[in-house]
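Hi everyone, thanks for coming.

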Amino acid sequence: MKKKIWAGLFSLTLIMGLLSACGGNNGANEGANGANTGNNGAANDNKKVTINMFTASPEYTNAFNAYIEEYKKVKPNVTINLEIMQADYNTVLKSRIAAGSTPDVFQTTAGGDIDTYAEYSADLTDEPLAAAMTDAVRANMSSTDGKVLGLPVKGNLFSLVYNKKLFDEAGITEFPKTTAEMDDAISKLEAKGITPFANAYKEWWVWKHIFQHFVDAAAQDAGVTPKELVDKFIAGDAKIKDYPVLYNNFFAYVDTTIKHGTDKPLERDSNAQVSDFASGKAAILNGKGAWDEEAIKKITPDIQIGIAGYPVSDKAEQSMIITGADQALRINKDSKVAKETIEFFNWLYTSEYGKNWFSGVAKVIPPIKDAPLPDLDMPKQMDEILKTQASGDLAINYSLDTFHQKFGEIMQAYIGGSKNKDQAVTEIEQAWVQLGSAQ
């Protein structure tokens with residue numbers, strides 16, 4: 001077992017053990033579902049099967065329920081129980097695993113967490129769903145030894161999002177690509193009485209979305225890959241001060257968004273930020289991505305939005321959008337219905353319904369090949385940008401979310417004034433070593 005999953009959870013294990021009867025199918029439902037078929041042979045179409053699915057994506061509740069209902073038409077004998085929790089999801093998941101009640105399907109972050117939960121995850125390498133993934137997404141779902149152990153919730157896009165009308169009003173014809181150009185754009189926006197940045201710094205996860213753009217640039221300057229750079233920080237072999245894009249540019253960018261952003265940034269959560277941007281109170285949505293488009297357009301349906309990379313340095317080529325998959329579903333390898341569960345997701349990732357579910361129902365960027373894009377502005381612009389420009393590396397996948405959460409808390413303390421920059425830097429470096437990896 002990985003020590004960083006279980007530290008501090010033994011008392012919870014005792015409590016959750018009493019509740020294990022309501023957990024996954026790795027033993028409790030053997031009588032109802034029959035003996036474990038393992039991962040070989042076809043699933044029995046006549047056997048009554050219940051699959052317990054535990055996720056942390058409430059924004060996709062309706063979309064998940066839609067494919068559950070559709071699959072009922074394909075396999076009437078299969079019942080899928082969907083449980084969604086956002087607050088304390090990771091703690092509850094770890095407690096259920098420790099108590100022996102691992103759900104049949106559970107959600108984790110991708111990248112580093114693929115290895116963290118490897119011992120509980122079915123090997124999907126040779127399944128049709130793995131072959132259906134795009135190359136970039138498949139890499140995000142793979143362990144260090146090359147096994148596909150997760151399946152993507154969605155493809156994703158990380159970028160700055162801006163209000164084209166407000167930029168036009170300020171006389172800005174092209175989104176800035178360098179730090180100097182950003183300073184000029186800020187001056188032009190404020191000259192027209194327009195607040196540049198809508199922030200959501202109450203959310204810890206917003207910080208990792210911003211920071212990864214600077215990590216990519218720092219790695220490029222150092223002549224290494226983002227993964228190699230992150231691994232050096234995790235090993236304690238790198239210092240932030242040695243990478244000017246991280247020590248100077250990142251903190252300068254954060255300071256800029258505070259000085260030229262919406263009021264009370266530590267009190268603005270994701271919903272408040274989206275409202276600020278959609279209603280025209282600010283011109284740039286900071287730290288977010290494609291998942292917010294529908295929420296924005298529910299407030300202002302005719303808003304004209306654009307996407308752009310972060311101006312991280314004086315090098316225009318380092319301003320890049322980032323794409324990939326950062327959330328993974330895992331199939332419990334010891335589930336009594338593992339075979340039926342794999343069969344269900346093979347259907348979702350390869351059937352005509354499934355190919356159209358991502359874009360038409362969930363309205364997300366498909367993580368699979370030969371699937372249409374949703375009828376939304378951000379994915380369409382992403383597709384056009386990637387025809388001529390490379391995507392940045394999804395650097396958040398190389399550290400665990402235990403680190404990212406601590407990183408967010410440190411940055412909140414920094415902008416709240418209880419830590420100066422050097423104190424924040426020291427604590428970030430320590431957190432990377434202590435929490436960045438499951439090893």
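Predicted model: local features only at pLDDT ≥ 70, side-chain atom pairs only at ≥ 80, totals over all residues.

Residues are numbered from 1 along each chain as its sequence is written, and side-chain values use heavy atoms, with hydrogens and water left out.

Let's start with the cores. By nonpolar core I mean a set of buried Ala, Val, Leu, Ile, Met, Phe, Trp, Tyr and Cys residues joined through side-chain atoms within 4.5 Å; buried means under 20% relative accessible area, with a 1.4 Å probe and protein chains only. The largest one has 54 residues, and L246, F250, I284, M411 and I428 have the most contacts inside it. Several elements supply at least two residues each, including β5 (156-163), α13 (244-259) and α20 (421-435). Helices here are DSSP runs of H or I with at least four residues, strands are runs of E with at least two, and both are numbered from the N terminus. Which helix gives the largest share of this core? That is α11, with 9 residues. Another core, of 42 residues, lies apart from it, and A130, Y349, V364 and I368 are among its members.

A cavity is a set of points on a 1 Å grid, over the protein atoms alone, where a 1.4 Å probe fits but cannot get out, and lining residues have an atom within 4 Å of a point. Volume is the space filled by probe spheres set on the points, which are joined across faces, edges and corners. The count comes to 3 cavities of 30 Å³ or more. The largest holds about 80 Å³, and α11 gives the most to its lining, with 4 residues. Its lining includes K208, F211, H404 and W432. The second largest cavity has about 50 Å³, with T109, D326 and N397 among its lining residues.

Finally, the rings. Rings of Phe, Tyr and Trp (its six-membered ring) pair if their centres lie within 6.5 Å; planes under 30 degrees apart are stacked, over 60 edge-to-face, and the rest tilted. There are 33 aromatic pairs by this rule. F214 and F250 have ring centres 5.5 Å apart and planes at 70°, so they are edge-to-face. Because F214 lies in helix α11 and F250 in helix α13, this pair ties together parts 36 residues apart in sequence. Both F214 and F250 are buried.

Methods:
Buried < 20%, exposed > 50% of the residue type's maximum accessible area, 1.4 Å probe, protein only. 1 Å grid on protein atoms, 1.4 Å probe; cavity = no way out; pocket = protein on both sides within 12 Å on 5 of 7 lines; lining within 4 Å.
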